[in-house]
Amino acid sequence: MDREKVAVIAPDALAAASGKHRPVKRVLERMLPHAAEQLHIRLFGVADGHLPSQGWMGGVPFYCLPGGRLYLESLLRHLRKWRPDTVDVHGRPLLACQLKARLPLSRVLLTLPSARIFSPPCHPKACPTQILESVDGLIVGSERTKAELLAQFPSLVTPVWVHLPGASLEEQAVLRWTPDGEQQRQQRLMELGWTNRKIVLLAGSWPPLRDEGHIVSALTEVLDRVPEAMLVFLAADSPGSGSSRELLERPKQHGLAAYAPERIACLPAGSPYSISDRYLLADCLVLLPGDEPASMLTRIEAMAAGLPMLDASDAPVLEFAVDGLLAEGAGDSLADRIVLLLEEEEFRQVIGRASREIVRRHYRWEHAADRWVSLVRARGIQTNAGRRSAKN
């Protein structure tokens, strides 16, 4: 039996060294080669001069097409010739709507980075409901994004699925609690001038002024209670994550100025330290509000590294995480939980080992690929035409 054909439309240039869609690019790079064992996949992006017009990404052929006005017609020529069963469009709602209108026999899915993509500044003349109803299914990166989307469009009949990313245990092979891991960590801390510090890694974006009170209060309390504690902001490559300068300046302006610069620092996205190195430096990770797909990717990568994490927004960390175990040993406040993780090495190990085991069992890139394949297979999705016929 022939494998189903699936065209994946990347949101931007595939070769961008950095930029607002980098987390999406990382997911595609890691997941699609595994999915290609079950599906016939082609990846399409926008040409930017860094990659040839076509090539291979881990066994998946990619095509870089001219941008601007030429992009849609060029993409349609490829798709009409190849005749994919499913087209998965990442982060471009209007393009998904246009493709569905021009390729009525293909199922067209829209993978959304967040519900905020439909805000007026993004698409001032678009009709979000019409776009969402035009496609055959919506894929989002978290239960939180799904809830926001359904709250924003309560009458939506297009099915919405949650697809979580994965992580590679092999990339996080050196763990904090091993002798090699501790030696490497101490070396990195010495290089940065942070010897004997207890590192609270913060990922995401600093919240608006109206929402930052409890976070400032918690972090101030941590710095007061743990003299060795240091706040290190991790600048990300995604919309809403904030630049290195913004991440440093906002906390200094609102309640944490007394601790800067000795105890507040930032590892920018362009830092020479790899993702695994950044997690190895930390004693715990605190997730600030930010771009949801990037946040979910950070969560799972941190779990793969065995790094305990907390959500500063007071939202559930992850359905499969060990937050319940942490809640039993900690007080009610965010500060109490951070202090517990900083001061109790054995407890950090318990949380870290449990998190890594969860990733090993359920959230490796192979697992993410299997979940995505189940969404795009022909027998798993009903077209809009069929859904409307059933409804009538």
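Q: How many helices and strands does the secondary structure of the protein chain come to?
A: The model is predicted: local features need pLDDT of at least 70, side-chain atom pairs count only at pLDDT 80 or more, and totals for chains, interfaces and linings use all residues. Residues are numbered from 1 along each chain as its sequence is written, and side-chain values use heavy atoms, leaving out hydrogens and water. Helices (H or I, at least four residues) and strands (E, at least two) are DSSP runs, numbered from the N terminus. On that basis the protein chain comes to 15 helices and 13 strands.

Q: What percentage of the residues of the protein chain count as buried?
A: Buried means under 20% relative accessible area, exposed over 50%, and partly exposed in between (1.4 Å probe, protein chains only). The protein chain has 392 residues, and the buried share is 54%.

Q: Among contacts between residues at least 6 apart in sequence, what percentage join residues at least 24 apart?
A: A contact means heavy atoms within 4.5 Å. Among the protein chain's contacts between residues at least 6 apart in sequence, the share that joins residues at least 24 apart is 68%.

Q: Which residue in β11 stands opposite Val232?
A: Strands pair if DSSP finds at least two bridges between them. Strand β9 (residues 198-203) pairs with β10 in the parallel sense over 6 bridges, and Ala203 has Leu234 as its bridge partner. β10 also runs parallel to strand β11 (residues 264-267), joined by 4 bridges. There, Val232 stands opposite Ala265.

Q: Why is strand β5 largely enclosed by the rest of the structure?
A: Both faces of β5 are covered. Thr86, Asp88 and His90 lie on one side and Val87 and Val89 on the other. Strand β5 (residues 86-90) is largely enclosed because its buried residues number 5 of 5.

Q: Which residue in β6 stands opposite Thr86?
A: Strand β1 (residues 5-9) pairs with β5 in the parallel sense over 4 bridges, with Ile9 opposite Val89. Strand β6 (residues 107-112) runs parallel to β5 and is joined to it by 5 bridges. In β6, the residue opposite Thr86 is Arg107.

Q: Is the ring pair of Phe44 and Tyr63 stacked or edge-to-face?
A: Rings of Phe, Tyr and Trp (its six-membered ring) pair if their centres lie within 6.5 Å; planes under 30 degrees apart count as stacked, over 60 as edge-to-face and the rest as tilted. The structure holds 1 aromatic pair. With ring centres 5.2 Å apart and planes at 20 degrees, Phe44 and Tyr63 are therefore stacked.

Q: How many residues apart are Phe44 and Tyr63?
A: Both are buried. Phe44 sits in strand β2 (residues 40-46) and Tyr63 in strand β4 (residues 60-65). The pair links distant parts of the chain, and the separation in residues is 19.

Q: What arc around the axis do the buried residues of α13 cover?
A: The buried residues of α13 (residues 345-362) are Phe347, Arg348, Ile351, Gly352, Ser355, Arg356, Ile358 and Val359. They lie on the same side of α13, while the face turned away carries the exposed Glu346 and Arg361. The arc, taken from the directions from the helix axis to the C-beta atoms, is only 160 degrees.

Q: What is the phi of Arg83, which is not a glycine?
A: Most residues other than glycine have a negative phi, and most peptide bonds are trans. Arg83 lies in the loop between α2 (70-82) and β5. It is exposed, with a relative accessible area of 67%. Its phi is positive, at about 60 degrees.

Q: What is the relative accessible area of Asn196?
A: Asn196 is found in the loop between α6 (179-192) and β9. Its phi is positive, near 70 degrees, in a residue other than glycine. Asn196 is exposed, with a relative accessible area of 62%.
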